[in-house]
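The sequence and structure follow.

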Amino acid sequence: YELAKSKRKESDLFTYKARVLRAVDGDTLRVKIELGFGNRIRQYLRLREIDCRELDKPGGKKAKAFVEECLRPVSFILLRSSRSEKYDRYLSDVFIPLNSKSTVRPSGPEAKITYEGEEFLYLNNELLLRGLAVRE
């Protein structure tokens, strides 16, 4: 075997591909994360540094419906995470691939990133830009 230096940046080290099982509310997702080498884990994610209204409060169901609409046309998301919070949910930045079936387009440049040549909607920022979340 021979070791080769990776071309990945340090910021890529905690970037994972995941399949969304369901949106719990506007800022919490249940996902199946691909860890590599055929290993997967089911986990709750909390969108990092934002807070959406609870489902029983005005705007809570609207935020969840928006997240579901963003996720509908995709088979996977990218997430970046480094730690969990007090409820054992991983605090994450969530990126949704933009494709021809996407019905939601970024509201501004802060809600879009390019990763390995593909464009992604930065869900955390999009929720803020649309007034569906506040910065936590």
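Predicted model: local features only at pLDDT ≥ 70, side-chain atom pairs only at ≥ 80, totals over all residues.

## Pairing of β6

β6 pairs with β8 (residues 118-122) in the antiparallel sense, over three bridges. Within this pairing, I96 stands opposite L121 in β8.

β6 (90-97) also pairs with β5 in the antiparallel sense, here over six bridges. R80 is placed opposite D93 of β6. With β3, by contrast, β6 pairs in the parallel sense, and three bridges join the two strands. L45 stands opposite Y90 in β6.

## Burial of β6

How many of the eight residues of β6 are buried? Seven of them are, so the strand is mostly covered, given that buried means under 20% relative accessible area.

## Positive phi at D88

β5 and β6 form a hairpin with five residues between the strands, and D88 in this hairpin takes a positive phi near 65°. D88 is not a glycine. The residue belongs to the loop between β5 (77-84) and β6 (90-97).

## Positive phi at E49

E49 likewise has a positive phi, of about 65°, without being a glycine. E49 lies in the loop between β3 (39-47) and β4 (50-52). With a relative accessible area of 38%, E49 is partly exposed.

Notes. Residues numbered from 1 in each chain as written. Heavy atoms only, no water. Helix = DSSP H or I, 4+ residues; strand = E, 2+ residues; numbered from the N terminus. Buried < 20%, exposed > 50% of the residue type's maximum accessible area, 1.4 Å probe, protein only. Pairing = 2+ DSSP bridges.
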